[in-house]
Number of protein chains: 2
Amino acid sequence: MRHFTEKEIQDFDKIYRLNLINSITGYKSANLIATQSATGASNLAVFSSITHLGSDPALLGFILRPTTVPRHTYSNLKETGWFTVNHISADVIKDAHHTSAKYPSEVSEFDQTQLEVEYKNGQGCPFVKNAPVQILCSYLNEYPIAENGTILIVGKMNAIYVEPQMVLEDGWIQLDKGKVVSINGLDGYALPQLLDRFEYARPKKN
Amino acid sequence: MRHFTEKEIQDFDKIYRLNLINSITGYKSANLIATQSATGASNLAVFSSITHLGSDPALLGFILRPTTVPRHTYSNLKETGWFTVNHISADVIKDAHHTSAKYPSEVSEFDQTQLEVEYKNGQGCPFVKNAPVQILCSYLNEYPIAENGTILIVGKMNAIYVEPQMVLEDGWIQLDKGKVVSINGLDGYALPQLLDRFEYARPKKN
């Protein structure tokens with residue numbers, strides 16, 4: 001095994017460390033978070049930190065670095081109370097990645113890519129059209145992480161839209177039927193295929 | 001699109017909602033967290049919530065439900081200050097999933113599966129032998145999530161061990177070279193393959 005010590009990790013140049021540490025924790029979720037400002041300017045940004053927090057109520061979280069490009073996401077969701085989580089399919093990975101470019105707030109990433117905005121009836125928050133899964137979320141809370149200045153945002157799922165062929169009889173969403181991707185590090189996009197699904201695990205009788 | 005309203009989500013039976021909400025947020029990381037108690041009893045549990053928190057210092061987080069089986073993980077990492085994060089490869093998904101069974105604390109999941117414990121020189125915390133990535137972590141902090149009683153654990157990466165063929169020249173870890181899997185919901189295991197890796201995104205010149 002290749003062994004990296006704590007001192008080596010600290011002493012690497014910034015890019016090497018960014019690549020290593022962003023990819024070492026395993027595959028990450030691949031989502032576009034769409035928001036709009038109080039004045040109606042839409043914003044779209046790729047995130048790889050969406051995490052399931054609980055099922056009842058249906059909660060998710062994600063990590064924000066407030067000093068970098070996703071600050072438009074933060075200011076918008078604080079202004080309006082809403083954001084949407086849209087899954088990235090294999091067909092749109094190039095455009096999805098491009099939303100990480102640092103555009104000024106008056107520029108919508110929807111205008112800089114082939115990704116199209118969708119407004120659903122009665123909901124004042126943009127979605128990504130044709131995303132295989134779209135989740136409307138409301139801002140609930142935030143937890144500043146003292147160790148490095150990031151913020152954990154906690155949101156509630158208020159509505160879910162999903163391609164019908166992905167929904168199995170028991171409520172399980174089969175993600176590979178929507179060509180949903182996962183993220184490897186900062187810039188790698190991978191397409192998973194289901195290997196197996198297991199029963200609820202019970203202790204073996206010895 | 002199939003549309004689930006907030007009321008429908010609330011009204012589903014528990015199993016349907018667990019399946020739906022656990023799988024709807026996208027692919028999750030697939031890791032085994034190994035710990036041991038102050039008296040040396042080892043514990044191993046599957047987690048799908050490991051999240052990158054930052055690169056400098058190298059931090060990760062994960063979500064604990066303190067009232068369910070991973071409480072052994074929690075009590076051990078609080079007692080000793082240490083835990084290890086071990087990636088799940090396609091070869092061991094069945095045994096990895098079995099670690100979610102509710103064994104009493106005196107039973108080690110290493111004894112109930114083919115997964116083997118590994119102790120590395122000078123480090124008093126168990127690793128999963130032959131895992132393609134092994135990360136030694138120290139407990140830094142915890143954040144109780146008021147919305148549902150879960151806990152975000154924040155840990156520092158103190159050492160990384162990785163199969164050499166997975167480490168690229170710029171520090172990026174190519175996870176599919178280690179057959180690392182990702183998790184779909186509570187019980188689905190998927191194997192990703194790299195589609196593409198992109199340059200750092202810069203605004204287009206219009």
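Two strands count as paired here if DSSP finds at least two bridges between them. Keep that in mind as you look at this predicted model, where strand β1 of chain A and strand β11 of chain B pair in the antiparallel sense.

**Where the chains meet**
- The pairing between β1 (residues 2-5) of chain A and β11 (residues 150-162) of chain B runs over four bridges.
- Within this region, Phe4(A) stands opposite Ile160(B), a residue of β11(B).
- Chain A brings 98 residues to the contact, and chain B brings 98 residues.
- On the side of chain A that touches chain B, 52 residues are nonpolar, 30 are polar and 16 are charged.

**Chain A as a whole**
- You will find five helices and 13 strands in chain A.
- Its C-alpha trace spans about 60 × 50 × 35 Å along the principal axes.
- The radius of gyration of chain A is 18 Å, which agrees with a compact globule because 206 residues packed that way would give a value near 17 Å.
- Of the 206 residues in chain A, 51% are buried.
- Among contacts in chain A with a separation of 6 or more, 59% link residues 24 or more positions apart.

**A helix to look at in chain B**
- Helix α3 (residues 71-80) of chain B has His72(B), Thr73(B), Tyr74(B), Asn76(B) and Leu77(B) buried.
- The cover over these buried residues includes strands β3 (31-36), β4 (42-47), β6 (58-64), β7 (82-87) and β10 (133-145) of chain B.
- After α3(B) comes Gly81(B), which has a positive phi near 85 degrees.

How values were computed. Residues numbered from 1 in each chain as written. Chains lettered and ligands numbered in written order. Predicted model: local features only at pLDDT ≥ 70, side-chain atom pairs only at ≥ 80, totals over all residues. Contact = placed C-beta atoms within 7 Å. Nonpolar A, V, L, I, M, F, W, Y, C, P; charged D, E, K, R; others polar. Helix = DSSP H or I, 4+ residues; strand = E, 2+ residues; numbered from the N terminus. Rg over C-alpha atoms; globule rule 2.2 N^0.38 Å. Buried ≥ 20, exposed ≤ 12 C-beta atoms within 10 Å, placed from the backbone.
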